[in-house]
Amino acid sequence: MCATTLQEYIYEKIAGQPDAARLIVVFDPRAALEMSQILEDEHGRVWGILPYDGNDLAFRKSQASVQFERILVWVTAGSRKDIESTPRLTLN
């Protein structure tokens, strides 16, 4: 099957990970993906979604309460003052 949307492409990549995979990081600067709190892949594996938008404190709080064996960190650009600007992720 060939993905026709970004969402389908990401789901295909997640489903293609080996069973031993426990952590996936998805970089989505424009927040184009529609992520909920959990994702179940086609193999029945459940991934807890941890959103990260540059707010370290909120990320650490949500990380502390995760009860999932498999984690997907969904990295988006933080809120911007200039809506027309290109979203950027700062990784350091």
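In the predicted model, Val25 has Val73 of β4 as its bridge partner. This residue pair belongs to the contact between β1 and β4 (residues 70–75), two strands that run parallel to one another and are joined over five bridges.

The sheet as a whole is open and contains four strands, arranged in the order β1-β4-β3-β2 with mixed pairing. The edge positions are taken by β1 (23–27) and β2 (38–40); each of these has a single partner strand, so one side of each is left without a neighbour in the sheet. From one strand to the next, the twist averages 25°.

Helix α2, spanning residues 56–64, lies across β3 (46–52) and β4. The direction of α2 relative to β3 is about 160°. In total the protein has two helices and four strands, and along the sequence these elements follow the pattern α-β-β-β-α-β.

Among contacts between residues at least 6 apart in sequence, 55% join residues at least 24 apart. The protein comprises 92 residues, of which 29% count as buried. Its accessible surface comes to about 6,800 Å², and carbon and sulfur atoms account for 52% of that area.

Terms used: Residues numbered from 1 in each chain as written. Predicted model: local features only at pLDDT ≥ 70, side-chain atom pairs only at ≥ 80, totals over all residues. Heavy atoms only, no water. Pairing = 2+ DSSP bridges. Axes fitted to C-alpha atoms, helices over the stretch in contact; angles between N-to-C directions. Contact = heavy atoms within 4.5 Å. Buried < 20%, exposed > 50% of the residue type's maximum accessible area, 1.4 Å probe, protein only. Areas by Shrake-Rupley, 256 points an atom, 1.4 Å probe, with all protein chains shown as cover.
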